[in-house]
Amino acid sequence: MVINKKKKQTASKKRTLITSSYPDSIISEQFRMIQTNIKFSVAGENSKIFLITSPGDGEGKSTTASNLAITIAQQKEKVLLIDANLRKPSLHTFFRTSNTNGLTDILNGRISFYDAIIHTEIGRLDIVPSGTVANNPVELLSSPMMRDLLISALRSYDVVLIDSNSILDVTDTKLLAKQCDGVVLVIQNGKTKFEKAAEAKKVLEFAKVKLVGVVMNK
């Protein structure tokens, strides 16, 4: 699955949600192809929770997660997008929402799952931002409350996408991947080294996590 960008996008975060701003664009069509390919890869399975990660930082995880979530929501499915990158969260900037309450606040028992949900104006897409900065992301993401949160989400949503940290840099992402039905690996043309991409694939295989797709960004 390849995303070709004919010309450089501006640094504006709003521009990165191109599937919302320009649903008839070539890039939006490519995201629809990615969605279709993921469906094919899990055909016959009851797979609904997918993690978006990459070998390193700055390779397009959040951009891909956001646009993929929008694409699925535009197909009339109810989608929840969770920002589980507790070290470098960014989804709240993409959607221009508050990050006062979110995932960490749910996992610390400060608020309920439903109180943290933010409804967007894009189809049936809701998001849960990362929330208050936490100094124990590994403990939070591996806690029984995280598993309970995902179970609650499946009662209300057709698809759950999780934006995460890079797979090679921290333990958080491996722990999350084990709780998901599949992983989408994002690599950036000209930035991601082949060795790092291969290492990321090995890490997922070692963790016995299903790789449902690879997205080449740019």
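Predicted model: local features only at pLDDT ≥ 70, side-chain atom pairs only at ≥ 80, totals over all residues.
Biologist: Which residue in strand 4 stands opposite Val79?

Modeller: Leu125 stands opposite Val79 there.

Biologist: And how many bridges between strand 2 and strand 5?

Modeller: Five, and strand 5 (residues 159–163) also pairs with strand 2 in the parallel sense. Val79 has Val159 as its bridge partner in strand 5, and Ile82 stands opposite Ile162.

Biologist: How many residues of strand 2 are buried?

Modeller: Five of its five, so to speak a mostly covered strand, running over residues 79–83.

Biologist: Which residues sit on which side?

Modeller: Val79, Leu81 and Asp83 are on one side, with Leu80 and Ile82 on the other, and both faces are covered. In a regular strand, side chains alternate between the two faces of the sheet.

Biologist: What is the strand order in the sheet?

Modeller: The order is 3-4-2-5-1-6-7, an open sheet of seven strands with mixed pairing. Strand 3 (118–119) and strand 7 (211–217) are the edge strands, each pairing on one side only.

Biologist: Which strands does helix 3 touch?

Modeller: Helix 3 packs on the sheet and touches strand 1 (49–53), strand 2, strand 4, strand 5, strand 6 (182–188) and strand 7. The direction of helix 3 makes about 165° with that of strand 5.

Biologist: What about helix 10?

Modeller: Helix 10 (residues 194–206) packs on the sheet too, touching strand 6 and strand 7. Its direction makes about 170° with that of strand 6.

Biologist: Back to helix 3. Buried or exposed?

Modeller: 13 of its 14 residues are buried, so helix 3 is largely enclosed by the rest of the structure.

Biologist: How far apart are its end C-alpha atoms?

Modeller: They are 20 Å apart. At 1.5 Å a residue, the 14 residues of helix 3 (residues 61–74) should span 20 Å, which agrees.

Biologist: What comes just after helix 3?

Modeller: Lys76, which takes a positive phi of about 75°.

Biologist: New topic. How many cavities of 30 Å³ or more does a search of the whole structure find?

Modeller: One. The volume of the largest cavity is about 30 Å³.

Biologist: What lines the largest cavity?

Modeller: The lining is Ala84, Asn85, Leu86, Arg87, Leu141, Ser164, Asn165, Asp172, Thr173 and Leu176. Helix 9 (residues 172–177) gives the most, with three residues.

Biologist: Where does Val170 lie?

Modeller: Val170 is in the loop between strand 5 and helix 9.

Biologist: Is that residue buried or exposed, and why?

Modeller: Val170 is buried, because its relative accessible area is 15% and the cut-off is under 20%.

Biologist: What does Val170 touch?

Modeller: Not counting residues up to four places away in sequence, Val170 touches Arg87 and Asn165.

Technical notes. Residues numbered from 1 in each chain as written. Heavy atoms only, no water. Buried < 20%, exposed > 50% of the residue type's maximum accessible area, 1.4 Å probe, protein only. Helix = DSSP H or I, 4+ residues; strand = E, 2+ residues; numbered from the N terminus. Pairing = 2+ DSSP bridges. Expected span 1.5 Å × (residues − 1). Contact = heavy atoms within 4.5 Å. Axes fitted to C-alpha atoms, helices over the stretch in contact; angles between N-to-C directions. 1 Å grid on protein atoms, 1.4 Å probe; cavity = no way out; pocket = protein on both sides within 12 Å on 5 of 7 lines; lining within 4 Å. Points joined across faces, edges and corners; volume = space filled by probe spheres on them.
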